[in-house]
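Here is a walk through a model with its sequence alongside. Keep both open and follow along, strand by strand.

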Amino acid sequence: MSTHYDSTNTLTVGNREQHPTYPRPSCLVKTAEGTFQLAIALPGVSRDNLNVSLEKGLLTVTGSRASGELHSVKGLSSGSAPEGYQLQTRLHPDLNPEAMSAKLENGILTLVLPEKESAKKRDIPIN
Amino acid sequence: MHLYPRYHNPLNVLSGLHRALQTPPWNPHRNDTTHGVRIVETDAAWVLQTDLPGFSKEDVSLSFQKGTLRLVGERDNPADAFPSKIERSFQVARELDVAHVSATLENGLLEITIPKPSIETNGPIEIKVN
């Protein structure tokens, strides 16, 4: 398992194959009632410029920001916006990627992954 | 010696902003990209950009009074734990065309467009001596 959570509930990712220029977006995880929710902040990324893929258990979220004709005024701005974001993470084997749903709203991508049936708690009857 | 009006230089026009930019609106220790205000420009306008992931148009209000542009935003009961409040004030030069300031909020990116004053800068200006 390459994904774990630190005390601030921030997703920490073990995979290092990042996009060469895209920084990792800030993201937050929440687990509730057998589902795993991953909220990823992707400000400035439109649906058309967002790609979510899953290959061999590796989830990749790539979004690019369209900057258009705007250019930075030097000396004033507190840094420029990144050209885009990329997050790569391995999914826990207990999660069911087939049932993953994604929603992009106001610059936040929310991925919801339910737990696999086989991972849910079950009581074993004793004969 | 330069006798240009202050607003010939965008750095002067937005000088009040420079101070504002030194202080991030949210927790400065959080290592993410949702802080701060950036200033970018086009030929016709300066554009203030700030990332407000999770905020909708209804959550944000912008007002202008006595040379101060005020941005207030609050979203109720967010499903995520990203910042839910923002309050920033910017001092802008009074010479700016505040009547035509416009703003858009799309995909969590707020852009405030301040048109540049139209000043004839081509060629020397003859000044009559009486």
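Helices (H or I, at least four residues) and strands (E, at least two) are taken as DSSP runs and numbered from the N terminus. With that in hand, chain B reads α-α-β-β-β-β-β-β-β along its sequence, that is, two helices and seven strands.

Before going further, some ground rules. This is a predicted model, in which local features need pLDDT of at least 70 and side-chain atom pairs count only at pLDDT 80 or more, while totals for chains, interfaces and linings use all residues. Residues are numbered from 1 along each chain as its sequence is written, and chains are lettered from A and ligands numbered from 1 in the order in which they are written.

How confident is the predictor? The scores are ipTM 0.71 and pTM 0.70. Per residue we have pLDDT, the predictor's confidence on a scale from 0 to 100. Chain B averages 73, with 69% of its residues scoring at least 70. A contact here means two residues whose C-beta atoms, placed from the backbone, lie within 7 Å. Residues 18-35 of chain B are also below 50, with 29 contacts beyond near neighbours in sequence. Looking at contacts in chain B between residues at least 6 apart in sequence, 48% join residues at least 24 apart.

Now over to chain A and its sheet. Four strands make an open sheet in the order β3-β4-β10-β9, with antiparallel pairing; two strands count as paired if DSSP finds at least two bridges between them. Which strands are at the edges? They are β3 (27-32) and β9 (101-105) of chain A, each pairing on one side only. Between β3(A) and β4(A) there are six bridges, in the antiparallel sense, and A:Ala32 has A:Thr35 in β4(A) as its bridge partner.

Elsewhere in chain A, strand β6 (residues 58-64) pairs with β8(A) in the antiparallel sense over seven bridges, and A:Thr60 is partnered with A:Gln88 in β8(A). As for burial, a residue is buried if 20 or more other C-beta atoms lie within 10 Å of its own, exposed if 12 or fewer, and partly exposed in between, with C-beta atoms placed from the backbone. Strand β8 (residues 84-90) of chain A has five of its seven residues buried, so it is largely enclosed by the rest of the structure.

That brings us to the cores. A nonpolar core is a set of buried Ala, Val, Leu, Ile, Met, Phe, Trp, Tyr and Cys residues joined through C-beta atoms within 7 Å. The largest has 18 residues, and those touching the most other members include A:Cys27, A:Leu38, A:Ile40 and A:Ile108. Two or more residues each come from β4 (35-41), β6, β8 and β10 (108-114) of chain A, and β4(A) gives the largest share, five residues. Apart from this core lies another, of 17 residues, among them B:Val37, B:Leu48, B:Leu109 and B:Ile114.

Finally, stop at A:Asn49, in the loop between β4 and β5 (50-55) of chain A. A:Asn49 has 15 other C-beta atoms within 10 Å, so it is partly exposed. Leaving aside neighbours within four places in sequence, A:Asn49 is in contact with A:Gly63, A:Ser64 and A:Ala66.
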